[in-house]
Amino acid sequence: MRRRLFLASSLSALGLAGCGQVKESLTNGPFRNVLLSTEKLNHAVIGTHGMAREYKDSDIDRNFRVNGLDTPSDSTYGALARGGFRDYRLVVDGQVDRPQKLSLAELRAAGDRTQITRHDCVEGWSAIGKWRGAPLATVLAMAQPKATARYCVFHCYDVDQSGQNYYESLDLHQAAHPQTVLALDLNDKPLDLDHGAPVRLKIPTQLGYKSAKWVRRIELVADFKPIYGGTGGYWEDQGYEWYAGI
Amino acid sequence: MTAGVHAGALPSDASHAQGRRVYRHGIAARTAHWTWTLAILVLMMSGLQIFNAAPYLDASDKSDPAKRVLAFDAQNTAGGPVGYTIVFGHRIPTTHVFGYTDDGMGAESPRAFPAWLTLPAPQDLADGRRWHLFFAWAFFVAWVAYLISAALRGTLRELVMRPDDFRKLRPMQLYYLRLRKEPPPHGTYNPLQKLTYNVVLFVFFPLFILTGLTLSPAVDAALPWLTALFGGRQFARLWHFVLMALLLGYFGTHLVLVLTTGFWNNMRSMITGWFVLGEHDGVGP
């Protein structure tokens with residue numbers, strides 16, 4: 001349904017003044033698949049290599065820009081926030097041998113990495129923040145993913161106006177990158193509500209929409225097609241690329 | 001093939017070649033030319049769509065309003081909404097054209113570039129990116145294929161600037177300005193043409209690709225020197241935009257010259273490959 005809506009809206013959106021019909025016929029057919037195929041090429045050619053640049057303290061944006069869906073306002077999240085997230089548990093489950101329910105203290109004990117990296121939004125802007133938390137790889141290792149697991153899916157507390165949950169996914173190669181962290185702190189303070197408290201993903205080698213805020217559950221799966229719109233993420237379901245390295 | 005000669009087969013002999021039919025552009029060059037024409041049109045329009053999502057350009061690595069070179073803005077005033085183009089902090093009202101303009105949905109909205117200049121027309125960053133990245137590949141593949149083919153055919157030699165071409169730039173310019181009767185003797189391309197094509201093919205095109213890649217966080221991680229070379233990610237975004245404006249200038253000049261130096265002959269040569277030499281046209285490097 002959402003996908004049909006998206007296609008309908010993008011097709012109706014095509015329409016260079018004067019040659020809208022031409023563009024529609026170009027896009028409404030095999031050419032759309034050709035257009036979408038570029039993503040695989042970009043993933044294959046660029047992939048995930050090297051380390052994102054790490055900056056100095058003086059480079060940090062103290063008022064780190066807030067973007068994305070609204071801060072969750074449901075009663076579950078509200079109750080957790082009022083309790084200072086003492087009752088928060090990060091669930092790691094799916095295709096794993098040892099499902100986990102990790103408190104913030106357990107997450108802090110799992111690993112400690114601090115990185116000052118640039119956040120590059122798909123819209124075009126960049127901001128620099130200091131992120132501290134546990135490398136995702138160490139948290140995933142605690143759950144011992146099965147050999148069939150290929151992706152980790154991040155389920156989040158935030159919901160858009162039509163009731164659609166935010167979610168994201170990474171493959172295990174991207175997840176294993178040392179700079180892919182489950183951040184608990186931003187700029188030397190625990191994440192505030194608007195920046196994704198208590199736990200958000202931070203992956204500086206990909207565009208900002210990959211760095212899901214308000215993470216509540218990490219699900220290991222063989223394939224993300226059965227989940228929500230089937231393209232591996234909230235923005236992906238709206239037509240953005242799953243491979244967000246470019 | 002008996003009717004004409006292949007370019008490059010003859011030494012530069014401008015004065016005696018008039019009226020001769022020569023096979024000037026090979027199939028690879030012609031395909032590349034028209035691929036670029038389409039690709040650059042789509043890249044510019046989808047690029048403006050992408051630009052509209054963050055309608056400002058900073059000469060810095062991260063976004064920094066203190067280093068803002070160009071921005072667009074809209075404000076409500078007593079007389080209605082006003083769109084602004086802001087160049088180095090100077091606000092220029094550009095309502096209905098830039099800043100507050102056609103949104104492609106039958107109305108006007110706060111929006112940097114109007115819908116008739118963007119692809120898709122209404123605000124649609126996701127599809128703008130899809131079009132842009134696909135045609136970036138088409139552009140790149142055509143560039144590499146053209147360079148290989150032109151090198152193998154030997155036509156690249158006709159195009160590349162030689163040391164004595166630099167001396168001929170000034171007399172060629174004087175000829176264009178009607179201050180000189182004869183152009184300096186030259187081969188297939190005159191020295192100004194060579195310089196222009198060299199700048200576009202060997203400076204603009206690679207810089208387009210490299211500044212575009214610098215906008216990619218994965219490329220920045222893999223090739224950090226590239227980001228440093230352009231002064232950071234936002235600076236690369238600014239260079240990418242400036243290159244677009246320069247290429248637009250080239251495109252205007254190119255069109256005027258195609259129209260005024262024997263339009264049909266020029267068009268035929270870029271469609272069939274065959275070109276009829278004019279009074280001052282030569283063949284060869």
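**Reading a cavity, a helix and a sheet**

Trainee: How do the residues of the lining of the largest cavity divide into nonpolar, polar and charged?

Mentor: They divide into two nonpolar, two polar and four charged residues. Keep in mind as we go on that this is a predicted model.

Trainee: Which residues line the largest cavity, and how many cavities of 30 Å³ or more does the structure hold?

Mentor: The structure holds two cavities of 30 Å³ or more, and about 40 Å³ of space lies in the largest of them. Its lining draws on both chains, with A:Leu35, A:Thr38, A:Glu39, A:Asn42 and A:Glu241 from chain A, and B:Arg129, B:Arg130 and B:Leu133 from chain B.

Trainee: Which element gives the largest share of the lining of the largest cavity?

Mentor: The largest share, four residues, comes from helix H3 of chain A, while H3 of chain A and H2 of chain B each supply at least two residues of that lining.

Trainee: How should I read H3(A) itself, and which of its residues are buried?

Mentor: Begin with the span: H3(A) covers residues 30-45, and its 16 residues reach 23 Å from the first C-alpha to the last, close to the 22 Å expected at 1.5 Å a residue. Then turn to burial, where a residue is called buried because its relative accessible area is under 20%; in H3(A) the buried residues are A:Phe31, A:Arg32, A:Leu35, A:Thr38, A:Glu39 and A:Asn42. Just after the helix, A:Gly47 takes a positive phi of about 60 degrees.

Trainee: Which elements each supply at least two residues of the lining of the second largest pocket?

Mentor: H3 of chain A is one of them, together with H1 (27-52), H2 (125-153), H6 (191-214), H7 (217-222) and H9 (233-260) of chain B. About 1,000 Å³ of space lies in this pocket, and among its 38 lining residues, B:His132, B:Leu133, B:Gly212, B:Leu213 and B:His240 lie nearest its centre. By class, the lining has 27 nonpolar, seven polar and four charged residues.

Trainee: In what order do the five strands of the open sheet in chain A stand?

Mentor: Strands of a sheet pair through backbone hydrogen bonds, in either a parallel or an antiparallel sense. Here the five strands of chain A form an open sheet in the order E2-E1-E10-E5-E6, with mixed pairing. The edge strands are E2 (100-102) and E6, each of which pairs on one side only, and the twist averages 20 degrees from one strand to the next.

Trainee: How many bridges does E5(A) form with E6(A), and how many with E10(A)?

Mentor: E5(A) pairs with E6(A) (residues 165-171) over six bridges in the antiparallel sense, and the pairing of E5(A) with E10(A) (residues 215-221) is likewise antiparallel, over six bridges.

Trainee: Is E5(A) mostly covered or mostly uncovered?

Mentor: E5(A), residues 151-159, is mostly covered, since eight of its nine residues are buried.

Trainee: How many bridges join E1(A) to E2(A)?

Mentor: Three bridges join E1(A) (residues 90-94) to E2(A), and the two strands run antiparallel; A:Val92, for instance, stands opposite A:Gln100 in E2(A).

How values were computed
Residues numbered from 1 in each chain as written. Chains lettered and ligands numbered in written order. Predicted model: local features only at pLDDT ≥ 70, side-chain atom pairs only at ≥ 80, totals over all residues. Heavy atoms only, no water. Expected span 1.5 Å × (residues − 1). Buried < 20%, exposed > 50% of the residue type's maximum accessible area, 1.4 Å probe, protein only. Pairing = 2+ DSSP bridges. Axes fitted to C-alpha atoms, helices over the stretch in contact; angles between N-to-C directions. 1 Å grid on protein atoms, 1.4 Å probe; cavity = no way out; pocket = protein on both sides within 12 Å on 5 of 7 lines; lining within 4 Å. Points joined across faces, edges and corners; volume = space filled by probe spheres on them. Nonpolar A, V, L, I, M, F, W, Y, C, P; charged D, E, K, R; others polar.
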